Amino acid sequence: MVEDGGSDPRVPVRLDDGHHLGTGGLPAVFENPGLPAHVHRLADDDEAAGRRAERQVATLFGVSMLGALAFLVAYFAIDYTTDVFVPGIGSVNLLHLALGVTMGVSLLGIGFGVVHWAKTMMPDEEVVEERHLQRSSDAKRKEAAGVILGGGEMAQLGRRPLIKYSLVGALGLFALPFLVQVVGSLGNVTETDELAHTIWDIEPNPDGSPGAPIRLMRDPELTPIKVSDVTIGSVFHVMPETLKDSTHVLEDKAKAAVILIRLDPSQFANDERGRKAQDWGYQGIIAYSKICTHVGCAVGLYEQQTHHLLCPCHQSTFDATRDMDVIFGPAKRPLPQLKITVDASGYLVAPQGFTEPVGPSYWER
Amino acid sequence: MSTAVDPRSAEALREHDEVSEPAPGGGMKVAGGLAGWLDDRTGGAGFMSYLLKKTFPDHWTFMLGEIAMYTLIICLLTGTFLTFWFVPSAGQVVYDGSYLPLQGVTMSEAYQSTVDISFDVRGGLLIRQIHHWAALLFIVAITVHMCRVFFTGAFRKPREINWVIGTTLSMLALIEGFAGYSLPDDLLSGTGLRAAEGFIQSIPIIGSYVAVIAFGGPFPGETFIPLLFSVHILLLPAIIVGLFTAHIVLVFVHKHTQYPGPGRTNMNVVGYPFMPVYIAKAGGFFFLVFGICALIAGLVTINPIWAYGPYDPSPITAGSQPDWYMGFADGALRLLPGWLEFVMFNRTWSFNVFLGAIALIPVLFTLIGIYPFLEKWVTGDNREHHLLDRPRNAPVRTGIGVMALSTYLILFIAAGNDIIAIKLHLSINDITRTLQVAFFVVPPLAFWVTKRICLSLQRHDRDKVLHGRESGTIIRTAEGRFFEKHEPLDEYERWTLVQQESPEPLVLGSQADANGVAVKHARKERIRARLSHFYFKDRVAPVTPAELAAAHHHGEHETLTSPETSGSLEGPPETQGLGLPMSERESVKRAPEKDL
């Protein structure tokens, strides 16, 4: 910045060599010109305009009253099962529509009326209020500091360290009972093992032999599924037969949901993963956990042509031909596979539970 | 003394009575009597008159905070009504209400009662929809209000505390909104809760424990809905109302900021008194906001939970999305790549979820909250500021703000990647990949572009002050040259364009003392000087009176001489002699002939 105060006022400032603060007799910066003159509104001077504004405001308040009365009429007169067609909106419940519109009109009438009143008739000449620095005066600050420090001294806070430290300790510990009470009253932390178990898990018989396999059932009908029902390309939403005896239906469903797909055996990828998927399935029928390994949504969108399974929450995409490997999206792990076979009656069964925890990842999985 | 009242008589009780002035007749008498009665008991007359005389400056952007305040009140009113009917229980029942498609369906009491509010309580659906719409508007208003405060620099001293309170409020509003729309326990919100449980599980070390504690065991459990209900209707509203009250009180204490303009200084506030103008305008505005909420609620259906069905962990709908304000976090989850989850020390580190779902919101709001303190440290400005900045006059701050907004917008768009893919027939994979790249590329670009726009707007302001406003009047001279006539600004218009400060970067002091020993904190100061340089190096200083005088002097000179002396586009020779650049030389800009 160039200080150019002393030069001849008649010589113009050169504009090509930077910013100038003042020259000759001119001030360094502009001065605030102050408030511009107030311009009167029509209603300020013209009584007829004032009366017109008064009538407009009163009309708006009148509209509001009509709206409120119409609300009451609608509330009592309209049957709540009546639907009407409104262009641009579609079919809506008439009572709901009438109540909303009449309530809106009664409120807007007041609102527009008052604002119109303020804008046409209330003073519109700006007033100036001075500000003061936010801080208190030094004397006041000193006084306040004196009161606080003096108080502490009177309480002998500085001279009695034992009281000070034991008080801090007591107050600190005092918070604990509340915390423990609140947290302890919620869930039982020993139940985190539950995350790794589903009702597909088979309890061994009392004599130690493996328990009976669990049938795959259609969701929500809970009917068993025959191999012949599952045509190539079809999809079944499946729950374990054990759900029938469940006492915590939603909790068990939230982990046990399974999606069943049948592919033509030639469609599986010709690699280790494709073969493993086939081995755990039955004649191209494969069963996978439907709980997304990302954050646990149900992976419900199956694309029959590409054999991709898509999660509608965050678009993780799993490849059914390669053991539900993640081929796109934020999930990391493939969906866990449920090993299936067929029982003596020709129904699909699971001879063992999932071999890893289903659903979203967690620390100790 | 014979004149003294007998101390034992009842008269003694009236000894110190002061007779109030008789009030004017009619309604005033009643009101005055009541006011007197109150003042006798509270001594509030002084405070009341101080309050009612308070001046508020007028600007449409100051209404944004008001909208937030009113929608909060609307939510409190309608929410209270909803608590009369809503049953916060996950207990399973079979529906037997008037909505036929759901009859015989097993559902939670929470869902059933929400369906009942929608169909069996007269006007219940309207109240529910006003509640939801007002909540959505509440967060819109908060967000836009926050942008206004940021871009005008209203967070500067002495208002930093209020900025932090406001930031906290806006974060709590998100959580409050999420808690609210999760309560009905419909399929959509239940899926949201399912995901929320997954989010919690992703927290390193304690995730699974926190999840079990919150849900009272395996998801969904029966304890979470009642818990969420208490949080939504009691805990968070109490904190929000408390902080909001503090927010408003501080606005009164600080007096409102104002935009720069003639008559407005850093030490005054120019506007209209609370009584009657702002009571009317603000009070009327409450009814306008409420009325608009009621109209929208009546006309546009939001969250038709009866169409979604009750929550069941197995089914799902395509296009599952949260309310708009959670969109950016959902978008972050869609963009974070899967390889951010890995196993280390035999433990699962699920950063693909944790970063977007758990860390993002606190980190974002912490950054917002500390911005005033960062800026203050960089600029070294410890003065009080009551005059707002025009955003163009703080190019770096405005650039940072737009950069943040662009990041937010990319995450927000990402939350709709599936909808965009369907509606525009694009590949979802391409959209997601593009947005992943955009997340890193667009924000710096947005910063740079915004800063350049701000600087050129400032130059435009300079130009306008020096040469006046383009009048649109084209003058043709005798020899066929065309000029656009420029009209000078009056001093009031001019003031707004020249009032700003234009600080230069902090200069680094000596790095060593007289004995050559490095000064303490030298490194810190170097960083500060560099940041200050970054903040202030590109500056367009406001026009000074000397510059304006020079422009006028030259302008008159040219308009007098140029038409007669020369037809050359280079202008008269004596002007060239001053060595002025072309752009500064002419008070009248030549319109290119081909355009005419």
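Let's start with the contact between the two chains. In this predicted model, 89 residues of chain A are in contact with 102 residues of chain B. Which elements of chain A give two or more residues to that side? They are strand E2 (20-23), helix H3 (94-120), strand E5 (127-130), helix H6 (249-256) and strand E13 (325-328). The largest share comes from H3(A), with 16 residues.

If you want one pair to click on, take A:Val127. Its bridge partner in E4(B) is B:Gly271.

Next, the layout of chain A. The domain assignment divides chain A into domain 1 (1-29), domain 2 (46-120) and domain 3 (212-350). How many Å separate the centres of domain 2 and domain 3 of chain A? The figure is 56 Å, taken over C-alpha atoms.

Now helix H2 of chain A, residues 47-77. H2(A) has 31 residues. From first C-alpha to last, the helix reaches 44 Å, close to the 45 Å expected at 1.5 Å a residue. Which residues of H2(A) are buried? Look at A:Leu60, A:Ser64, A:Gly67, A:Phe71 and A:Ala74. Check the spacing in those numbers. An α-helix has 3.6 residues a turn, so residues three or four places apart point the same way. And what covers the buried residues of H2(A)? The cover includes H3 of chain A.

On to a strand in chain A, E9, residues 285-289. Five of its five residues are buried. In a regular strand the side chains alternate between the two faces of the sheet. Here both faces of E9(A) are covered. On one side sit A:Ile285, A:Ala287 and A:Ser289. On the other sit A:Ile286 and A:Tyr288.

E9(A) also has strand partners. Five bridges join E9(A) to strand E8 of chain A, residues 258-262, and the two run antiparallel. In that pairing, A:Leu260 stands opposite A:Ala287. Two bridges join E9(A) to strand E14 of chain A, residues 337-338, again antiparallel. There, A:Tyr288 has A:Gln337 as its bridge partner.

Now the nonpolar cores. The largest has 160 residues. Which of them touch the most other members? A:Leu216, B:Phe138 and B:Cys293 do. Helix H5 of chain B, residues 124-151, gives the most to this core, with 17 residues. Take B:Phe138. Leaving out residues up to four places away in sequence, B:Phe138 touches B:Ala68, B:Thr71, B:Leu72, B:Cys75 and B:Ala173.

Last stop: B:Tyr278, in helix H10 of chain B, residues 274-299. Why does B:Tyr278 count as buried? Because 20 other C-beta atoms lie within 10 Å, and the cut-off for buried is 20 or more. What does B:Tyr278 touch? Again leaving out residues up to four places away in sequence, the contacts are B:Phe56 and B:Tyr272. B:Pro57 is one more residue to look at. B:Tyr278 and B:Pro57 are 221 residues apart in sequence, yet 9.7 Å apart in space, C-alpha to C-alpha.

Note on methods
Residues are numbered from 1 along each chain as its sequence is written. Chains are lettered from A and ligands numbered from 1 in the order in which they are written. This is a predicted model: local features need pLDDT of at least 70, side-chain atom pairs count only at pLDDT 80 or more; totals for chains, interfaces and linings use all residues. Two residues are in contact if their C-beta atoms, placed from the backbone, lie within 7 Å. Helices (H or I, at least four residues) and strands (E, at least two) are DSSP runs, numbered from the N terminus. Two strands pair if DSSP finds at least two bridges between them. The expected span of a helix is 1.5 Å times one less than its number of residues. A residue is buried if 20 or more other C-beta atoms lie within 10 Å of its own, exposed if 12 or fewer, and partly exposed in between; C-beta atoms are placed from the backbone. A nonpolar core is a set of buried Ala, Val, Leu, Ile, Met, Phe, Trp, Tyr and Cys residues joined through C-beta atoms within 7 Å. Domain bounds come from an automatic or database domain assignment.
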